[in-house]
Amino acid sequence: MTISLWQLISGFIVLVSGFATNTFMTKQNVTKIKRIEDTFKNVITEDKARKIFVAKELYVNQMKHIDNSLADLKKQNDSILELLRK
């Protein structure tokens with residue numbers, strides 16, 4: 001049971017090619033996973049920014065309605081006070 005030189009060389013080539021393929025695929029997978037993570041982070045960040053913008057817009061609109069309502073109440077109070085003074 002002797003190992004000839006060509007068997008030793010082919011075994012070494014198979015070992016090296018397997019290691020090289022494994023390393024290459026690992027790098028490819030890590031790159032793809034990193035790209036997917038970055039995409040998710042961007043989507044989450046944009047979604048948070050959109051929610052904050054919408055919340056601020058809703059707040060501004062509510063404040064405008066409150067200001068209008070307060071102005072209407074003030075006008076009504078003034079008119080009632082005018083009527084009471086007469």
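Start with Ile9: select this residue, and you are in helix α1, residues 5-85. Helices here are DSSP runs of H or I with at least four residues, numbered from the N terminus. The model is predicted: local features need pLDDT of at least 70, side-chain atom pairs count only at pLDDT 80 or more, and totals for chains, interfaces and linings use all residues. Residues are numbered from 1 along each chain as its sequence is written, and side-chain values use heavy atoms, with hydrogens and water left out.

Colour Ile9 by accessibility. Ile9 counts as partly exposed because its relative accessibility is 44% (buried is under 20%, exposed over 50%, partly exposed in between; 1.4 Å probe, protein chains only).

Together with Ile9 they form a nonpolar surface patch of about 750 Å² accessible area. Patch members have over 30% relative accessible area and no salt bridge; nonpolar side chains (Val, Leu, Ile, Met, Phe, Trp, Tyr) are joined within 5 Å, like charges within 9 Å. Areas come from the Shrake-Rupley method with a 1.4 Å probe, and for residues only the protein chains shown count as cover.

Next, select Asp47, Arg50 and Lys51. Salt bridges link them in a network (a Lys or Arg side-chain nitrogen within 4 Å of an Asp or Glu carboxyl oxygen). Asp47 to Arg50 is 3.6 Å, N to O. Asp47 to Lys51 is also bridged, with the closest N and O atoms 3.6 Å apart. Asp47 and Lys51 are four residues apart in helix α1, so about one helical turn separates them.

Finish at Arg85 and Glu82. Their side chains meet in a salt bridge at 3.9 Å, N to O. Arg85 is exposed at 65%; Glu82 is partly exposed at 43%.

Notes
Helices (H or I, at least four residues) and strands (E, at least two) are DSSP runs, numbered from the N terminus.
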